[in-house]
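Open the structure in your viewer and keep the selection tool at hand. We will go stop by stop.

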Amino acid sequence: MGSPSKPYHRSMNTWHNNPTLTRLNRFLITALTSTLFASAWAGGAKGSLDSETMTLPVRVFLAKSEVSNKINCTMSEEDLAEVFTVVNENWAPANIHWSLESVQELRVEPNVAHEYQESLKTNPRRANMKVLIDSFPNDQRLSKGFNVFIVESMGKGAGGVFRPKPYGDVIYAHQSPRGFAVPAILAHELGHALSLPHTVFEKNNNLMMGSAPGRKPTRVKPLTASQIHLARIQAKQGKPFSPKFYKSPSPKKTLFAKLDVNSDGTLTAAENGEAHQGFVRNLLRQASRAPHESLTKDEFDLMQMRRNRNQQGSGSNGRRVGPSIDSIFAKGDANQDGKLSRDEASGQIPPRNFAMSDKDEDGFITKEDILATRKRFGLNVEGFRIQSRPE
Ligand SMILES: [Zn+2]
């Protein structure tokens, strides 16, 4: 599907009340016609919402900075149009159409830009998104719609992020970790904004696959009927997903039995009373299932296993980036004296990291020394990222 040649109507707009926003080009989108996608509706999800096209407004902020080339977004009008063309191709099967409400330049304060840039120097795999997001002016966000902030690069670790709290912002990098634009990443982040989690069961290069092996950088990626159903529930609200906490009605061990009220080995929302509806529907959502669908005991167990693994490492979405310190010692500490010499550590800990950990320079490092170094890089004793990695 090619992009229409002139999707923009340009007009000028000035924000008076915020010094960080300069005079802006405001591109009003007449319409990337929605009927274009009408025929692509897969439809048919059981108990589905109606299948008419939903048009969701997006306000785009292009980050600008003189001091950080990682922030300063070089995206052209044509680039942006192409990105949204691809995003809409990805969302066509859901009959969800993302419509650019306006495009604005967002001038990032030099100190913020500097800190962001520095964070990428010390840790190329992880940009300090918080400093950036905290600096975005709240009152310029589109309140009835979606907001996408575009920076030039987020380093090697990510090409996009969805921050559910406090505003439900999507941040996208013009240059993906691969060094060029991958608009499917924005389609993925918008999926998070429509309540979709990373897939647990679906492979098939699904749009919402996390960083699992088998994910291929194709232009368009599939969504399941269940995901489409879930996304449309959120889309109806016209604003980004905001996660709620639901108290578990039972300890982990007995949770499935408790919620499988009719004891048929599958869990549904329908068999549960009002009190547990929120919890069960949220559980189903985490499995990329619609509220009318079900979860088997095996699927439930797999989800619990995955959650436990993540919680060992972090809050959620922890990613193992190294071996556990115990396993390093199990392999390396031949004489079991609780310390590793350079020789013992070789092959497991790069010489540079060894030197960093060996604070007293006695040629030995302890578990505590390694942990101290890991903490500086945001890793824990198990080798997972400590802070939950934004999705
Ligand atoms: Zn994600």
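Start with strand β3, residues 54-64. This strand is mostly covered, with 8 of its 11 residues buried. Keep in mind that the model is predicted.

β3 and β4 run parallel and pair over 11 bridges. Zoom in on Arg59. Its bridge partner in β4 is Ser102.

Now select helix α1, residues 77-91. Together, β3, α1 and β4 form a right-handed β-α-β unit.

Turn to strand β5, residues 146-153. β5 also pairs with β3 in the parallel sense, over 5 bridges. Go back to Arg59: in β5, Asn147 stands opposite Arg59.

Then look at the nonpolar core. In soluble globular proteins, nonpolar side chains tend to be buried together. The largest nonpolar core here has 64 residues. Select Val60, Leu62, Ala63, Val87, Ile150 and Val151, which touch the most other members.

Stay on Ile150. What is Ile150 in contact with, leaving aside its neighbours within four places in sequence? The contacts are Val60, Phe61, Leu62, Ala63, Cys73, Met75, Tyr172 and His174.

Last stop: Gly273. Look for this residue in the loop between β8 (266-268) and α7 (274-286). Is Gly273 buried or exposed? Gly273 counts as exposed, because it has 9 C-beta neighbours inside 10 Å and the cut-off for exposed is 12 or fewer. Finally, select Val261. Val261 and Gly273 are 12 residues apart in sequence, and their C-alpha atoms are 9.4 Å apart in space.

Note on methods:
Residues numbered from 1 in each chain as written. Predicted model: local features only at pLDDT ≥ 70, side-chain atom pairs only at ≥ 80, totals over all residues. Core = buried A, V, L, I, M, F, W, Y, C linked by C-beta atoms within 7 Å. Buried ≥ 20, exposed ≤ 12 C-beta atoms within 10 Å, placed from the backbone. Contact = placed C-beta atoms within 7 Å. Helix = DSSP H or I, 4+ residues; strand = E, 2+ residues; numbered from the N terminus. Pairing = 2+ DSSP bridges. Right-handed = clockwise from strand over helix to strand, strands pointing away.
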